Amino acid sequence: MNASCRLADSFGREVIYLRLSVTDRCDLRCVYCMAERMSFLPRREILSIEELDRLASAFITRGVMKFRITGGEPLVRKGIMNLFGSLSRHVRDGALRELTLTTNGTLLARHAEELVRCGVRRVNVSLDTLDAARFAAITRRGSLDVVLGGIAAAQAAGLQVKLNAVALRGITEDEVHDLVGFAHGRGMDITFIETMPLGDVGADRTEQYLPLTELRQLIETRWTLTDTLERSGGPARYVRVGETGRRIGFITPLSHSFCDSCNRVRVSATGVLHTCLGQEDSIDLKAPLRGSEADALLHAAIDTGIRAKPRGHDFRIDANGAPALARHMSALGG
Ligand code: SAM
Ligand code: SF4
């Protein structure tokens, strides 16, 4: 192993994108993501801010140039702005081309300006509905106004905002035109995500599931869509809307079409490297990280994990709507 070698898996795919979860905790309990009563991990198992920085920096020396901080809700993590602050050195020196985060937006108003100072340019905000009562029901405790205020503050601070909406049967069909109009009217792209069968959430997945093929047909009854070839190395496909000039993304994780160009890996808040969102394969990076002050063991473990990256994923919702993988989305952050 050479600690300056770039990361490539056994299928020749180069890994340049890391999604780093900084907590499994969240101030919301979205029905497709978490159960009402969740048991969260003991704090000693979660990497410290210093450990997260060391781990992140090891990936950056191996050629990872895009970072997405996620969770759980990343902005509820104590000390999170210290992590952004220290990672900003990699943005300044050009090693990190993009430092970004996915957030539910509840704490965005508080942190937007500091995020900009840390070199963050874009942020993904999750918003599934524009109806306050529905928002409270989907998130089981959130306030729509707070999130809308967070989005406005982020834009005022100069952050480019993209919305993520999970496609939910019985909800999104009603609102899809309003969501597109809201996003594009405020200069934001919007991406719809098909529900993924991750973890027990105390509800029947088959009832939540709304295929994006169906949603797209519905969008086309109002908007003129043109397919684009733009790809992110991930599962999103984009269309451009004639009436607004902005983009709609569709993320269908149940399709296999993106695996050949997959350039990403994920690390949980406990320091476990997952090389495929849809497989159980994983390798622990916490023990090598804590076991030695030098990074040789850590790099060796990263290499072993990347070499074992599976060719593709294995999602399915079984006939009973049971999850294909026991881990919750909040453990890895999508
Ligand atoms: N808390 C942050 C948020 O909500 O944006 C970041 C973590 S959240 C797990 C990341 C994304 O995953 C969100 O856009 C959320 O809507 C989506 N998500 C959560 N559970 C999902 C599921 N079962 N299927 C599809 N998307 C899911
Ligand atoms: Fe929290 Fe995000 Fe999961 Fe909702 S989707 S419960 S905001 S982690």
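These legends go with a set of close-up views of a predicted model.

Residues count from 1 along each chain as its sequence is written, chains are lettered from A and ligands numbered from 1 in the order in which they are written, and side-chain values use heavy atoms, with hydrogens and water left out. Since the model is predicted, local features need pLDDT of at least 70 and side-chain atom pairs count only at pLDDT 80 or more, while totals for chains, interfaces and linings use all residues.

**View 1. The whole protein chain, before zooming in.** The protein chain has eleven helices and twelve strands (DSSP runs numbered from the N terminus: H or I of at least four residues for helices, E of at least two for strands). Of its 334 residues, 55% count as buried (buried is under 20% relative accessible area, exposed is over 50%, partly exposed is in between, with a 1.4 Å probe and protein chains only). The chain exposes about 14,000 Å², and carbon and sulfur atoms supply 50% of that (Shrake-Rupley areas with a 1.4 Å probe; for residues, only the protein chains shown count as cover). Take the contacts between residues at least 6 apart in sequence: 72% of them join residues at least 24 apart (contact means heavy atoms within 4.5 Å).

**View 2. Ligand 1 and its shell.** Here 19 residues surround ligand 1, and the closest are Tyr32, Gly72, Glu73, Ser126 and Met196 (a shell residue has a heavy atom within 4 Å of the molecule). Sorted by class, the shell has six nonpolar, ten polar and three charged residues (Ala, Val, Leu, Ile, Met, Phe, Trp, Tyr, Cys and Pro are nonpolar; Asp, Glu, Lys and Arg are charged; the others, Gly among them, are polar). Look for the side chain of Ser126, where an N or O atom sits 2.5 Å from an oxygen atom of ligand 1. On its own, ligand 1 has 540 Å² of accessible area, and the protein covers 95% of it. Strand 3 (98-103) and strand 5 (160-166) are the elements that give two or more residues to this shell.

View 3. Around ligand 2 you'll find Cys26, Leu28, Arg29, Cys30, Cys33, Met34, Gly72 and Asn104. That shell divides into five nonpolar, two polar and one charged. Met34 belongs to the loop between strand 1 (17-21) and helix 1, and Met34 is buried, at 2% relative accessible area. Gly199 is 165 residues away from Met34 in sequence, yet their C-alpha atoms are 7.7 Å apart in space.

**View 4. The nonpolar cores.** The largest nonpolar core holds 71 residues, and Phe59, Phe67, Ile69, Phe84, Leu163, Phe192 and Ile248 touch the most other members (a core is a set of buried Ala, Val, Leu, Ile, Met, Phe, Trp, Tyr and Cys residues joined through side-chain atoms within 4.5 Å). Helix 1 (residues 49-61) gives the most to this core, with seven residues. A second, separate core has 16 residues, including Leu28, Ile138, Ala236 and Ile251. Back to Ile69: neighbours within four places in sequence aside, its contacts include Leu20, Val22, Pro74, Ile80 and Phe84. In soluble globular proteins, nonpolar side chains tend to be buried together.

View 5. Asp189 is part of strand 6 (residues 189-193) and is buried, with a relative accessible area of 12%. Its side chain makes a polar contact with the side chain of Arg246 at 3.1 Å, and the Asp189 side chain also reaches the backbone nitrogen of Arg247 at 3.0 Å (a polar contact is a pair of N or O atoms within 3.5 Å; within protein, one must be able to donate a hydrogen and the other to accept it, and residues adjacent in sequence count only if both atoms are side-chain atoms). Beyond four places in sequence, Asp189 is in contact with residues including Val161, Lys162, Leu163, Ala183 and His184.

View 6. Arg140 lies in the loop between helix 4 (132-139) and helix 5. This arginine has a positive phi of about 65° although it is not a glycine. Most residues other than glycine have a negative phi. Not counting residues up to four places away, Leu144 touches Leu127, Thr129, Leu130, Asp131, Ala132 and Phe135.
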